[in-house]
Structure formats: structure tokens, C-alpha cells
2 protein chains.
Amino acid sequence: MTMTGENIMHTVSHTYLLSIVPLDRESESPLYRQVYEGVRHAILSQQLKGGVRLPSTRDLADILSVSRNTVVNAIEQLQAEGYLESRVGAGTFVTSRLPDDLQYVAGAPVATTTYASGAPRRLSRLGIGYQRFLERRPVSYSEKPLRPFAPGAPDLNAFPFHIWARLIARYYQSLPLERFGYGQPGGGYYPLRQAIAEYLRASRAVRCEPEQIIIVAGSQAGIYLATRVLLNTDDQVWMENPGYGGAMGILRTVSAQLVPVPVDAEGLQVEVGIARAPNARLAYVTPSHQFPLGSTLSLPRRIQLIQWAERAGAWILEDDYDSEYRYSGHPLAALQGVDRSNRVIYIGTFSKVMFPALRLGYLVVPPDLVNVFEIARQVVDQFMPVVPQAALAEFIMEGHFSRHIRRMRKVYIEKRDTLLGEIARHIGDRMRPGPTDAGMHVSFTLEGIADDHIVTAQAARRGIVAPALSRFYLESETARQGLVLGFTGPSLDALQAGVRQLGAVLPEASRRA
Amino acid sequence: MTMTGENIMHTVSHTYLLSIVPLDRESESPLYRQVYEGVRHAILSQQLKGGVRLPSTRDLADILSVSRNTVVNAIEQLQAEGYLESRVGAGTFVTSRLPDDLQYVAGAPVATTTYASGAPRRLSRLGIGYQRFLERRPVSYSEKPLRPFAPGAPDLNAFPFHIWARLIARYYQSLPLERFGYGQPGGGYYPLRQAIAEYLRASRAVRCEPEQIIIVAGSQAGIYLATRVLLNTDDQVWMENPGYGGAMGILRTVSAQLVPVPVDAEGLQVEVGIARAPNARLAYVTPSHQFPLGSTLSLPRRIQLIQWAERAGAWILEDDYDSEYRYSGHPLAALQGVDRSNRVIYIGTFSKVMFPALRLGYLVVPPDLVNVFEIARQVVDQFMPVVPQAALAEFIMEGHFSRHIRRMRKVYIEKRDTLLGEIARHIGDRMRPGPTDAGMHVSFTLEGIADDHIVTAQAARRGIVAPALSRFYLESETARQGLVLGFTGPSLDALQAGVRQLGAVLPEASRRA
């Protein structure tokens, strides 16, 4: 009969089946999976055409020398995914519902980087910004945090990980189950927001209620979030010059227009900002400890800045990245605390006083922006991991946090004094320090060096991280030649050894210049 | 002498000092801090004018009845912050460097929500989008994850928190210190990327190398990240209709133009998408288990979708949010695995198979987009917390992960059967289930109900979460009336009780309609 003839003609041959299903009995992949993948690949690569009938599962098992169960498993999966169709009484067929041209579709299980055609692979404007950023991104200086002299790297040897591990483990086993589910507040775990608000009021003169605290994954996340809520593409932003590269990077990738505003011994030169961009939308500042120069924004400048922001309808981003570490007297009051017009978004981080891989920080936002920042947080990734927030709240409230800061202040004073002493002894006048009364790094100017990047490169060859000061400038014309040296991460021995290496590098670098 | 006369004239009086520094000896705030705050406030509120001389620290201590040390501490802080100035031999003066008009500046230590003037408080376009989203945001149905019937809520009672707590605590005490510092890879902790790549290749037929895995904070974070890299404002996006509200929310807030594409028993109707928006930039799909209807994207539609994307230069966002839970046979192969043109960005999450508050998920991105996605991740918040990633890698590699999934499949089958059985018994034909062979929820159509929101509202009054099916539609004209019921979170008893409540609600709701 014709019907039978057709079926016979279209039934796949035994030897052909063996060639398309090359079983490897040594592989970790189960046999059913290998049968499935072989047949699927044959269909997608059109070696098995639509309408072809497969042998019965009993015959298939014989041909491939596997159990019938293995075959049934594979066939069922291929049916569930639409590659095969069963017709009652007639058998199992390759689907006829696939298009003839399967050019952009493949069954091969390994990744391939070849692109089948020239159709454009379009990114967003932001995505193109990221790509440009990639092309000119300098080597990250923070990849080896324990080597001298990566700025901002805390001394992790001294962190009480045993206490922290105990707190975390306890909360994983004691928090109510609802706290592990969806629907946690976008602004953060409330007891942590309370603990932070209390800490900030007492130690930084920040004016805030717990609701104004938005928990984020570190200060970079805070800056990013603020740009999303406050900045449109091409908006002008005052940027400290020199300034923090991380903030510049974010502002550039979100296509803000950076207006360099110079910094002197009193911090940001507000008058220059007003002259250059009176209608900027935002000013990024580090008032307590200017990054990288180390100066403090003076009181008259603070007031001038707030008054400008109020007049211009601008926002102030106060990045208070390391001011827990002030070595004479108490930490300075935050700019936020003297701003009655609620123009300041204050950013703090636990990366410095706890450890960077914790990824917790916070914003203090004006009361009328609380809701919109909470939504912006939620859009990025719903809410923050809960257990680390709960553990941190207890860590603060039980006094571990203040104790650790007090202890680290002493450790860091010794390290700072070692760095300054060794430089005075081995290098002398060729390196002149900026302010040294706060923070985790010191900026130095270099005498007799025309290009500080040469020093950085030669230090890198000796395993030393010594970021060039000029690299933190937005424009090379005004850049001063110097180095920005972190002293908090390395041991005293490593600091001493590092300074000796620098001492050897400098004469070479000045000969080159 | 005139000089003395001036100083005397301008020296603040003793009684006045007592009035501006109201000490509270019961307060938790240290006395030095109270002195500091009182003087600071008096200066900022211009009760103490520039040039006024303060009494000596000894006199001040007497006047205020505090120790001299307390006064010295306060004065030093005020000097460091620029409120006071010392002149050698002449004493301590209020700074004259402040402007006369201190209208927008305040020293009051408590937050205030009054805004000093009408200067506009401008948000970005995105920020305004967030604000609009706030205004129309429906009540979150996931706030009570353990109540029936929140969709997507895992059964947290069964999660091995004791194993997890042990792993986390161990890694906090055993990972090398460098892993706690800055400079971790933006794409994620490499051993976790390896473990995920291996898992996806074996169980989902995803074609990938570890480098293509980008660790993110859950699937919402993954969707958000993809929109940042791939979408410009006003770009067209195909959105499944009905579809996942979380994705719609993100796409709306980033100002994408949503093109509703209807869904039937074979999933997304690709032809309708092509007719409505042939040049869309992106298609958002849930091919393994359509949210909320539960259908599987058929093989012909998969191929049609990939071929369209390649022709149009579009991207496909494959959200594979719960396909680990397939109750007959093995999980279905991912769309990503048949796409040779590398147009698919695959999104997976650990929120369902681990727990939501972990905040870990991943993207699988095409090889040529790895770098730009890594940068985009870094811009959002540098890198993900390291210890949970390390613990999760071990959890997967040591088999805890597969074991938990196998165990939960059995638990969830029993729960699904309970839900379906109870509904058949107590409610019958008025609720008709969609596909039930996979996932963590079932969608039902409602017979004889004109407005499913009434059912949702009345169920809510009885403490039951029963999201209306119509709410997942982008346009109300095509919306079907029904309910989307999660069955995985609640206990068997809670499911039974919940169905009885629903059974009581339905007659009321149909009378109202």
C-alpha cells in the first residue's frame, strides 16, 4: 500500500541513527541526555527532516544498545519540547512544523562566538557609554588591596570576622521566615535604618529620621541611584577637580556633562562653580575630607554652596566616604546638618569601617524624596539581602561598630605616622604631603617630576600601587604631579618596604622626565 | 583702651550663654556635644554674630558648670569646623566669614520637612517616571509570602538554613582576606559562575561558558541591567500580554514603549508581534512557563522568534523564573540553547529555589556582550557580596542544590494536587485551571464573574492573597477574568482553608457583577 510505502521510505535508517547519536559511555552526561541531544541536533541541523518516522522505542533501544527506559526518557523530552510528534497507531515523527530555513538556530551544545549575519547588534546610548568607558578604563588600582598603597583599602586583618560570622549564622537560623521571602521594604531593613540614623545624628550631626535612610550596596550604588533619580542626560554636574574617579565614571556613563570645579585648601571653589555653571543640576562634593587632596570644605564655602543650591534648584551629593577616621578631635559635622533647604543627599558606606565585600552603604535623602528613592531602589533589584542588614544593625547597636572604629583609629594613626616618617627619612622634600589629619590616604605633590604616570608605571613594575595624582583631574592642563597613597591596608613592614621601593623609583622617573 | 573696650563690648554675656546652651544632664548626648550644638546653633541662627568673643575656657566651664575638658572638646570641634577662630593672645571669636543672610542654613539638630522657598525640586525624567509609578502602584501581593496564595513564594520551612548558615559562617572565617576587599570581578565570583554554567548546560541545555554568566541580585536586577545596556527611552519592547508585572514595571519606569503581544496555548503569538512592531528593540518572554498563563512557547514559535530577532537586530530577554519546577519529565530546554545568532539574554534566579532574601540571580549574555554587561554591573554597585556567592557555589557543587530541588518538586506536587483537588471539590466549574505541569502557581479563569478585582478585594478582606488575572494584562479590553494562585508557599492546611475562603467569596462576587 502507498501508506506503508511512504512510512518505510521516511523511516530513518539504523546506521544513520547510529551516526547522529554518538553515545559516549564514559561521559558524565546521562545516556538519555545524549540520545536527546543527538536527535535534537539532527533535527535542528536538518539532518532529520520533518515528517520522518522514528523506529519504535524497543527498536531504538536495540539499535543504540541502551535500555528502553533511556530511550523513552529521551523521546518524552523531545515530544515535550515539540521536536517529535506522536500519532496514535502510526508511531513517532519528526515535527513538520519547523520552517525550512533554520539558519539562525542551532542544536550544538557548545557556545559559539560566530554571528550568523551582519544584523546590527545595537546597544542603548548608555550601553555605548559603557563600551567607551571600557576602552579608556585605567587599570584598577584596588585589585590588590593588601599591597601598598591602594587608597581606601581597610586593614582586614583587624576586622572581627569571628563575631560577624556568629551574628550572620545566628540570624540565618533565628529571623522569622517572612524576612526571607519577597516583599521586604525597598528602603532597607528598618532596625538597620534606625541604628544608622542614631549613629549619624550622634556622630556626624546629620539631621535625619530612620525613614530618610535608604540602604544601598555601597557608596557607588548610592551615587548611581542618585543620578537615576536626579539627572537627565546632558545635565551639568559640578565635579571636584581633582576628584573621585568612581563618581566621575558613573557620571560619565550616564552622560552627565561634567563641569570641573577646582579645589584648594578650603575645598571646592564654589565661586568658580557658580561662574562656570550657575544652573548645574547637581554638585558632587567630599566636604569632610576632599578626595584626593584631603582638605576640608570651609564653613563659608559650605554656606555658599547650600545657598547656591537653593537659588539654582540644584542638588548636592555629599560623599562622606571615610570621615569616621579623623585623627585629631571628633569627626567633623556633615554638610547635610546645616542645610535647612533639604538640598543635600548624603552618602555613607560600610566598605571602609566594615569591609568592601559586605556591599552595604546608605543614603540620607530629604524627606520629600524618600518615596521616589525607595522606588528607584526597588527598580534596581527589589530589596537588599536581609540577613547582613540584621546582623549589621546588631553589630552597631551592641557597640562592636564603635569599638572597631576606635581601635582602627589607633592602628591607622600608627600606619600614617610610619608612612610619613619613612617618606621624610628616605625621600624627603621630593614628596610633600597634603593634609594628614583624617582619612585613609595622603596626597603628595612630587618635586622635579614632569609626569607622575611614569612613577606609577615604574612602581607597578615593582608590585607597588601608587596612583598618580594627575589622573584624578578632569583636564590635564591644571593637573598637579603627585601620588595618592593609601596607608591603611598594608602592614607596617609593607609600608616601610613600599616607601623604599618608591625611593628607588623616583630618581629613575625624574631622569626620564 | 579702645581695643579692650571693643572686646568687652563684643564678649557674650554669661546669662546669655546659659540661655543658648541649655544643658540636659539626663540626656544620652555627651555634655561636650551639647555645648557644641548650642553654640553652633546660636551662630547659624545669628544669635551669636560674627566677631563676638567667647569667654576663656576656664570661665566657660564655670558658667556652664561643666569640666574644663568638656569645654575644650566643644571649642576645638567648633574651631575645626570653622565656627570659631582663635587669635593668639586675644581669645576665641565667632567667625566673621559667614554671610549675613543665613536663610537656608540651620543649626537645629532635628529634621524638618519645611522647604524654605519655592525653588523647584526637579527630578530626572526617570525620577518622574518613578513618581508616576508610585501613584498607580497596586498593593504588593507578595508581602505575606506564607499566606495563600502569593504566586512565586517558595516554601521556606523546607530550606536547609542550618547547612546554609554553616557554609556562610565558614566562608567568613576561611576565604582569603583579599576576597573581602575591593576589586572583585564585576561579573561575579568565578567559582559560582562555573557552577552555574555547568548546571545550566546539564539541566537547561543552555549554551554557555562561565564568562558569560553575570551574577546579579535576582531576576529583577537582571531585567533592569539588560534595559540599561540595550534600551533607549521610547524604544519599542514586545511584552507578553498577559505578562509579568515586575518586568512591565521596570520597562515602564525606564520609559520603554510597551507593545502588547497576546499569548495563547503555544505561548507568545510571534506573528502578532511582527505585525504590530516589526522593528522592536527587545522581546520579553517566559518561554518555559509563561507568566501567568502557564503555557510553553512551542518549538515553531521559538524558531520564528529567533529568526525575527536576527532579521530585526532585536534582543530577546528570556526570563526563566521558575522552570526548575517541572512536575512531569525533565525541565524543558531553554530558548537560549537553540539560538545560534546570540540574540538571547537568559535570566535565572535563586529566589525560587533558595530564598528571595538571598538576592542572587544571573544573566547568561552573548559572548560579545560580556564586557559591556560587566561594566554595567560595576556601575550599578561595583560587585556583589562575595561570601554568599562562595557559599552558593559550594551549595551547588556539593549537591545540596539539586537535592533541595528534587525534594521540593515532591513537596510542590503534593501542594499543587491539594490546590486543584480542593478547588474541584469546593468550587468546581466556576474556576478552570490552565496548564499545571510546571511552576509555582496555576492560573484559573473564572466563570460568571465580570470583574475579578472584586474577588481579589473580597479575598483580601479575608486575609487571602488572590491576584486577579486581568491585572496582568496591558490593556483591559482583551483581559480575561480569573485568578493567579500560588501554591508553593502555604502549608497543605493553609491551602485547604484558603480554598474554602475563596469558595465563600465567589458567590458574593458574582452577585455584585
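Two chains and their contact

Trainee: How many residues does the contact take from chain A and from chain B?

Mentor: This is a predicted model. In the model, chain A and chain B touch each other, and both chains give residues to the contact. The count is 134 residues from chain A and 134 residues from chain B.

Trainee: What area do chain A and chain B bury between them?

Mentor: The size of an interface is often given as the accessible area lost when the parts come together. Of the area lost here, 58% is on carbon and sulfur atoms. Between them, chain A and chain B bury about 11,900 Å².

Trainee: How many salt bridges does the rule find across the interface of chain A and chain B?

Mentor: The whole structure has 34 salt bridges over all chains. One that joins the two chains is between B:D368 and A:R121, with N to O at 2.4 Å. Across the interface of chain A and chain B, the number is four.

Trainee: How many residue pairs are in polar contact across the interface of chain A and chain B?

Mentor: Both residues of a pair must be at pLDDT 80 or more to count. Under that condition the rule finds 47 residue pairs. As for the side of chain A that touches chain B, by class it has 34 polar, 28 charged and 72 nonpolar residues.

Trainee: How many residues apart in sequence are the parts tied together by A:D235 and A:R281?

Mentor: A:D235 forms a salt bridge with A:R281, and their closest N and O atoms are 3.6 Å apart. A:D235 lies in the loop between helix 9 and strand 5 of chain A, and A:R281 in the loop between helix 11 and strand 8, so the pair ties together parts that are apart in sequence by 46 residues.

Trainee: Which peptide bond of chain B is cis?

Mentor: B:P242 lies in the loop between strand 5 (236-241) and helix 10 (245-253) of chain B. In chain A, the peptide bond from A:N241 to A:P242 is cis, with omega near 5 degrees. In chain B, with omega about 5 degrees, the cis bond joins B:N241 and B:P242.

Trainee: How far apart do the C-alpha centres of domain 1 and domain 2 of chain A lie?

Mentor: The domain assignment gives chain A domain 1 at 8-98 and domain 2 at 403-512. Their C-alpha centres lie apart by 68 Å.

How values were computed: Residues are numbered from 1 along each chain as its sequence is written. Chains are lettered from A and ligands numbered from 1 in the order in which they are written. This is a predicted model: local features need pLDDT of at least 70, side-chain atom pairs count only at pLDDT 80 or more; totals for chains, interfaces and linings use all residues. Side-chain values use heavy atoms; hydrogens and water are left out. Contact means heavy atoms within 4.5 Å. Buried area is the accessible area (1.4 Å probe) that two parts lose on being put together, summed over both. A salt bridge is a side-chain nitrogen of Lys or Arg within 4 Å of a carboxyl oxygen of Asp or Glu. A polar contact is a pair of N or O atoms within 3.5 Å; within protein, one must be able to donate a hydrogen and the other to accept it, and residues adjacent in sequence count only if both atoms are side-chain atoms. Ala, Val, Leu, Ile, Met, Phe, Trp, Tyr, Cys and Pro count as nonpolar, Asp, Glu, Lys and Arg as charged, and the others, Gly among them, as polar. Domain bounds come from an automatic or database domain assignment. Helices (H or I, at least four residues) and strands (E, at least two) are DSSP runs, numbered from the N terminus.
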